[in-house]
Amino acid sequence: MRFLNHAYLLLSLLPVLVRSQGENTSYVQSLVSALQGAGLDGLANVVSTLNGSGEGQALFADLATGNNYTVFAPTNEAIQSIPSSITGNSTLLAEYVSYHIVSGDFLNASWTNTSSGGGSGGETSSSTLPTSSAASSSFSSFSPTSSVITSSFVTSESGSLATITITATPSPLLRSIYRTRKSPSLQSNTSNPQPYAGVWPNVTIGRTLLNASEFVNLPGDKNQVLAWTRSGENGNVTILNQIHGNASENVTVVGGALWQNLLINFIDGYLTPPDSLSTALTAVGATNTRDLLSAIPVSSDNGTNTTALDALASARGITLLIPNNDAFTSSVNMTLQGLMNNSTAVSDLLQNHYVNGSSIYSTELTDGSNATTAAGQTLAFTRNATGLFVSTPNGTSAQVVRPDVLLSNGVGHVINSVLIDTDSDPSAASSAYSSATASAASATTTETGPIGVLGGPTSGTTTITSSSTSSTPTSTASSVQSSASSAFSSASSAFSSASSASSTESSTSPSTTTTPTPSTSTTAGGGTITVTASAVA
């Protein structure tokens, strides 16, 4: 009887499973066609190939859910440069592709689209649509730093055209963090969107779909991230610290398109998941730090002897401050040489360069942030117009000259000085580590927007779990969308009046435009959303 019950349950679920698989297949087929239409034939072939594997089908099932995703799509030339060892292995290929997909909508709407919607801070985006006999409305994907775009079909018997114009202006705080722009290469074709990005030295961090254990060892079983920035107010968006071989490269966004629930950014290279600490140190030119870590013996968790480099590479979650080669001046080298006979001092100095059990990205480090090192000392972070700085209690300080060097098990920030601090507080170190690991274990929120308070507003909560104090950014998405909904509701009502008036006047006037007073709502963060509706008979 139990067998029959299980059999009945499976049979009852079969139509649902078949329907779901059919929907996924339709989604992938449409995606392939869209990529081909955008000239991304190489990526279209990759998607078609992957859809024949279990790994690929699982990945595309996530995309087919309808949630918003931001895709970094390699051009045909970039696809051709991917080694055959990757393209010929469906599992590995699926993992690489998952690293090109970021959860959430990162649309920078500093472009105007007169056909399907768009917008920017302070700019106008409009959609002109034929009216329908059945009233309906739907919001497109929403980003608090971008305009809200709405398509609306409102009842009208006059055959008039309806225009809904929505302008969203970010709050002064957001405008100071993100300076959006129109890409010179896209100005003549406003159907090409761009991802929003922090202007260097500010960056944007997004959480990808990559979570394969061979590539990712982050605290809390978090997925791996991507880091990107804009080189200047009029510069290109570039993805940082892409390591190919022994060199670190930046991959550039060269175009884009919107398709269903995807923001697709064309990039001139393919993305590689973060590698080991040793590889990263070599790629960013921090070979002196690499060699020093390789020369320091430490005990591993199982009691065997290993090097500091290997111990850090195997840790689950680290934030490492990496002195660049220029930081090792003759004076610093003499100091380090004098400490080599004092294993405790060497260990404390090393541990004051990293935070254990947590990955703290630069977007989580605001002016006044603190973090506790593995030696128990407090790192104090400050920000000003020239960048991000860090100091220890004894007054040693350095500037972060290259943030967010991504590692398979954490993140590194390159600094321009060695932090000569051999003090320690084991109790504080133990407490900070316990707090970080407990916080990571209990974290349930998956970021679907920029990570950190300097990465832009998010739909979730991001907390610095590795420091002695937590920082939780204000969530503005719900309040802004509530304001947008309110404004849209008012606009819909006004539009109905406009449409009715237009229908009445059309019998005596060949062309009459009726535009009611715009409806404006103020968001909790100080931004505004204005909706104007008009009818043309």
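In the predicted model, the largest cavity holds about 210 Å³ of space. This cavity is lined by 21 residues, of which Leu-43, Val-47, Val-71, Val-97 and His-100 are the closest to its centre. Two or more lining residues are contributed by each of helix H1 (2–37), helix H2 (41–50), helix H3 (54–63), strand S1 (69–74), helix H6 (90–98) and strand S13 (262–267), and among the contributors to the largest cavity S1 gives the most, with four residues. When the lining of the largest cavity is divided by class, 20 residues are nonpolar and one is polar, whereas no charged residue is present.

The second largest cavity has a volume of about 160 Å³. Its lining comprises 17 residues, and those closest to the centre of this second cavity are Leu-292, Leu-293, Leu-349, Leu-350 and His-353. The elements that supply two or more residues to the lining of the second largest cavity are helix H9 (287–295), strand S16 (318–323), helix H11 (330–339) and helix H12 (343–351); the greatest contribution to this lining comes from S16, with four residues. By class, the lining of the second largest cavity consists of 15 nonpolar and two polar residues, with no charged residues.

Over the whole structure, the search finds six cavities of 30 Å³ or more.

Key:
Residues are numbered from 1 along each chain as its sequence is written. This is a predicted model: local features need pLDDT of at least 70, side-chain atom pairs count only at pLDDT 80 or more; totals for chains, interfaces and linings use all residues. Side-chain values use heavy atoms; hydrogens and water are left out. On a 1 Å grid over the protein atoms alone, a cavity is a set of points where a 1.4 Å probe fits but cannot get out, and a pocket is an open set with protein on both sides within 12 Å along at least five of seven lines; lining residues have an atom within 4 Å of a point. Grid points are joined across faces, edges and corners, and a volume is the space filled by probe spheres set on the points. Ala, Val, Leu, Ile, Met, Phe, Trp, Tyr, Cys and Pro count as nonpolar, Asp, Glu, Lys and Arg as charged, and the others, Gly among them, as polar.
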